[in-house]
Amino acid sequence: MHFPKSRLAVSFRKVLAPQTRRRLDRFSCEALEGRLLLTAAVTNPISLQTAPENTPTTIDLSTHITDPAYPGTLVQLVTNLGDIEIELFNAAAPQTVANFLQYVNNGLYDNTIIHRAVNDTTTPLQLIQGGGFMPDGTAIPTFAAIPNEFSIPNTRGTIAMAKPADSPDGATSQWFINDSNNPGLDDPTNDGGFTVFGTVISGLPVVDAITALPTVDGTSLNANIGTQLPVQSAGGGLASTNLVTVQSATVVPDISVSAVSDNLQLVNPTVSGTQLTLNPAPGRSGFCHVTVTAQDLAGNVVTERILVEVTPSAPRSLNVNLGGGNPKSVTYKDVNGLSGSITLSGPGTAVVAFSGDSMRLTGGGGHVAGDNLTVMSVTGAGTTGATSLVVRGRGGARKTPLVIGPVSTSGAFNSIKAKRASIEGGVAAQSGLGKIDADYVDSGTINTGAAAGQGARFSIKGLAWTDVGVISAAAIGAVRINSWSNADSVSESVQAPFVRSVHSRGNFSPGLQLSGSGAPAGRSVGNLNISGYIGGAWNFPGALSNLSVGGVEADFNGDFSAPLKSLRVKGNFFGSLTAAAIGVIDIRGLMQKATITLTNGVAAGATDLQSLVARKGIIDSVIQSAGNIGSISAESIAQSTLFAGVGANVAAGTLPAAIADFSGAASIAVVSLHPTSKESGYSNSVIAAENIGTLSLATVSVNNAGTAFGVSAVTLGSLTALDTINHVRLSFRKITTQAQANAVLAADSANTDFQVIVAS
């Protein structure tokens, strides 16, 4: 069906059926890039895994580590010009996706050709088409035609089904990839529109390269191929080596997975697809950690470190009772040669579960002899706020800790002490815990009810804790630790009503999730003295006047309901932070892949951010304020967004063009850059506010691969910068109209990417 003559612009062969002709409207096209990055993530963390001795255990990782941003099936087209990865829209076009996968899974697209390339930039109409023919022109076998499922526009990077003319439900095997926005293919009068069923997520430059190839008449191979057959060389003829071939089309996982164990003598992990199998060594039991690494198609990596407990068989297990008429203490020598002792003091009893070989009780029941000994768990009963548990390791290899399994009780503990010992799998004392003083805790949660035997607060002390969270119904008094680190991509947290103080000589990577219940003076946290990096989610009510830390990890996500007077970072800042306002931000290192969001707004009558200093530069970051920003000083700004009072409708990285794009009359007073001699001060970034004072950008790299960047304002006081590509000095003064800005830019005639927009 043709369009009305009044709308005709160009006549050409029907896009998807070479043997017929069709006419489409002229329309404008935006160069919309396909999505290139995936987002592999641990969506369902794996808790402690129990593997019976001598018995392999399999975990389906697809339910734990996925790419939630891309729920559709992924297909990879391997061509002789490069690979193209496609995400299919399973939910939006289920029958079309099932049909496409039928050809993929039967290998019918393997060793086929791209038999059509349209590169009409005037209409425009740009696409490549395949899925129909072998290099010798033989048509591939086809299944039954499928119903049309048109609902998604034919925009650049999308893949859609071809079909014969005047056959809305005639699609079989042929597909095409749009290399421009092609809205004429969305017209319902054009055979009901063409069904988009996926999008290119990686490899769009390969599509561009094929579209740009010369085309020749391919009807001598097959009359249905037509005259727009792309070839690598116009003079190379129709030889198969001169054609563009799809060597294979296969379903690929959104992630590839590998796994390593920190103790192969206990567990050897293997991976098949997304199936992780834990293979215990024969006749061994104990604890180890398996680190799973998942990588998406774009190379992004996430990890999860899993605590694995290999439980002993009956002949290799022995329970030792402490208290209740039995000895209060038991000694032994563990599998690593350390001498260990476990002592219970006060009311109640405990069962110490051992694994090993040739085990036997000696010394009146107070010593376990045997080989390869490991304490698998300590379980208390009837314990109270007057009960203490002490674990000690001695001798053996220098600095090697004694390892014991989880500690739990149905009652309470006044204190748990572990010196030169590591508790694997956490601690549970639901009726209360007064204090834990453990050199090492690895993997798991410290879970306690009300504080026991220590008044109203629970205290924590340790040397090095790894992958540990805390859930405490009681307020936490002092936290004193050398380091509390996160060894994978899963963030832990400290959950409690409030914390009086945190002193950490190294990293403090668990988040702080504080309710504020019963907090003194409305403050959820008191003194924070953290010399290392912070991480995890920080979210609590109440004020936090000043925060000084060694650095900010990428997984840090801070949400502060009250203003901060200052944030001082000795190292780098990689995370995200939201606050009503911040007085001073001083980053001595680099601000990279970071986000700072300030929410007070102009109506609050104060500046949301008084000053920010990033001494090593701001890269790939977003600073977004609802209200005014005072000054920003940095070595350089690259691939970043700096917005003050810009509306939510304007995406980061884009330049507002109209006054309506600003949400309020916010201002940025000063941006001052101080680049080294080897770098540009300002590149591929945007600065926008209704009112901008002084921008001293030092040097600007205007060559940005055709992507616009720069500055947007209603009024601009001054901007100075040196174009390092064309060696032209740009100087703007009291700019209030676009004509004024254009007059300055005209002096740099070779510049096409750096813009100064005066919104109107």
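Started with the largest cavity: about 60 Å³ of space lies in it. By cavity I mean, on a 1 Å grid over the protein atoms alone, a set of points where a 1.4 Å probe fits but cannot get out; the volume is the space filled by probe spheres set on the points, which are joined across faces, edges and corners.

This is a predicted model, where local features need pLDDT of at least 70, side-chain atom pairs count only at pLDDT 80 or more, and totals for chains, interfaces and linings use all residues. Residues are numbered from 1 along each chain as its sequence is written, and side-chain values use heavy atoms, with hydrogens and water left out.

Next I looked up the lining (residues with an atom within 4 Å of a point). Among the residues around the largest cavity are Ile618, Ser640, Tyr682 and Ile687. Strand E53 (641–644) and strand E56 (686–689) are the elements that give two or more residues to this lining; strands (E, at least two residues) are DSSP runs numbered from the N terminus. I noted 7 nonpolar, 4 polar and no charged residues there.

The second largest cavity has a volume of about 50 Å³. Its lining includes Thr96, Met161, Lys163 and Asp169, and by class has 5 nonpolar, 4 polar and 2 charged residues.

Then the sheet: I found an open one of 4 strands in the order E4-E21-E20-E17, with mixed pairing. Strands pair if DSSP finds at least two bridges between them. E4 (49–52) and E17 (255–261) are at the edges with a single partner strand each, so one side of each has no neighbour in the sheet. Strands E20 and E21 run antiparallel, joined by 10 bridges.

Note on methods: 1 Å grid on protein atoms, 1.4 Å probe; cavity = no way out; pocket = protein on both sides within 12 Å on 5 of 7 lines; lining within 4 Å. Nonpolar A, V, L, I, M, F, W, Y, C, P; charged D, E, K, R; others polar.
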